[in-house]
Amino acid sequence: MKKFLFTACAIGALAAATPALAGPEYRFSGTFLPSTGTSFSELLGGGSFDGSYSLAGSAFPTSGIGYFDSFSLNLRDSTGAILLTLTQGVGTAGGYINTGYASIYGGTTLLFSDATSDYLQLVVPTGFGGTGAVLANGYSYAQIAPQNQAIIGSGVISVPEPAAWGLMLGGFGAMGMALRSRRTRVRVAYA
């Protein structure tokens, strides 16, 4: 029974660590510049965006085009309510990183699209390594249907702390050690 519990804990820890072994998951968030009106893009004015993505490769591309393995993002209004969610599952097209427009946009382009006319484009500095600020230069924006755009005022991309994974795996290891060291001996006494 103890071996079964230890094996189950080890399998659980390995399954939980699998996303970490597949490569880092980048998280991003930011705000849109204020605007007024009732169109969808104007509803995003003063709102925000947040989400995460993982890369198809293990490193952030420094030249050419790289693709997202998956992504999920929310576009929110100024009250924080979600107006639109864009997602891409593993193995589907829809998002990429392109360094080819650096002379036009002033940096590397990250495009998150769900294969419709809805997308979020973030421009990051040339030589971007995966974490840092989004350039608020007018080329970072969200587009909802043709001609409805909201300009990004600020944004940041980061990688979650690996200490969280270490703490979780350490906890599983400690639990396994505790289960292994707790040996109960049954003694039978005959009268």
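A contact here means heavy atoms within 4.5 Å. On that basis, residues 24 or more positions apart account for 53% of the contacts with a separation of 6 or more in the protein chain of this predicted model.

**Figure 1. Overview of the predicted protein chain and its secondary structure.** Four helices and 10 strands make up the secondary structure of the protein chain. The protein chain has 191 residues, of which 33% count as buried. Its accessible surface comes to about 10900 Å², and carbon and sulfur atoms contribute 61% of that area.

**Figure 2. Confidence of the prediction, with a view of residues 13-21.** The average pLDDT of the protein chain is 76, and 72% of the residues score at least 70. Over residues 13-21, pLDDT stays under 50. For this segment, the model has eight contacts beyond four places in sequence. Where pLDDT is low, the predicted coordinates should not be read in detail.

**Figure 3. The salt bridge between Arg-76 and Asp-50.** The side chains of Arg-76 and Asp-50 meet at 2.5 Å, N to O. Arg-76 belongs to strand β3 (residues 65-76) and Asp-50 to strand β2 (residues 48-55), so the pair ties together parts that are 26 residues apart in sequence. Because its relative accessibility is 23%, Asp-50 counts as partly exposed. Side chains of opposite charge can pair when their charged atoms come close.

**Figure 4. The salt bridge between Arg-27 and Glu-25.** Two salt bridges are counted in the model, and one of them joins the side chains of Arg-27 and Glu-25 at 3.2 Å, N to O. Arg-27 is partly exposed, with a relative accessible area of 42%. Glu-25 is likewise partly exposed, at 34%.

**Figure 5. The hairpin of strands β3 and β4.** Strand β3 runs antiparallel to strand β4 (residues 82-88), and six bridges join the two. Arg-76 stands opposite Ile-82 of β4; the side chain of Arg-76 also takes part in the salt bridge with Asp-50. Five residues lie between the strands of this hairpin, where Gly-80 adopts a positive phi near 95 degrees.

**Figure 6. Strand β6 and its burial.** Strand β6 comprises residues 108-113 and is mostly covered, with six of its six residues buried. Thr-108, Leu-110 and Phe-112 point one way from the strand, whereas Thr-109, Leu-111 and Ser-113 point the other way. The residues on both of these sides of β6 are all buried.

**Figure 7. The pairing of β6 with strands β5 and β7.** Strand β5 (residues 95-98) pairs with β6 in the antiparallel sense over four bridges. In this pairing, Asn-98 has Thr-109 of β6 as its bridge partner. Strand β7 (residues 119-124) also pairs with β6 in the antiparallel sense, over six bridges. There, Thr-108 has Val-124 of β7 as its bridge partner. Both Thr-108 and Thr-109 are buried, and they point opposite ways from β6.

**Figure 8. A nonpolar surface patch that includes Ile-104.**

Terms used:
Residues numbered from 1 in each chain as written. Predicted model: local features only at pLDDT ≥ 70, side-chain atom pairs only at ≥ 80, totals over all residues. Heavy atoms only, no water. Salt bridge = Lys/Arg side-chain N within 4 Å of Asp/Glu carboxyl O. Buried < 20%, exposed > 50% of the residue type's maximum accessible area, 1.4 Å probe, protein only. Areas by Shrake-Rupley, 256 points an atom, 1.4 Å probe, with all protein chains shown as cover. Patch = residues over 30% accessible without salt bridge, like charges linked within 9 Å, V, L, I, M, F, W, Y side chains within 5 Å. Pairing = 2+ DSSP bridges. pLDDT = per-residue confidence, 0-100.
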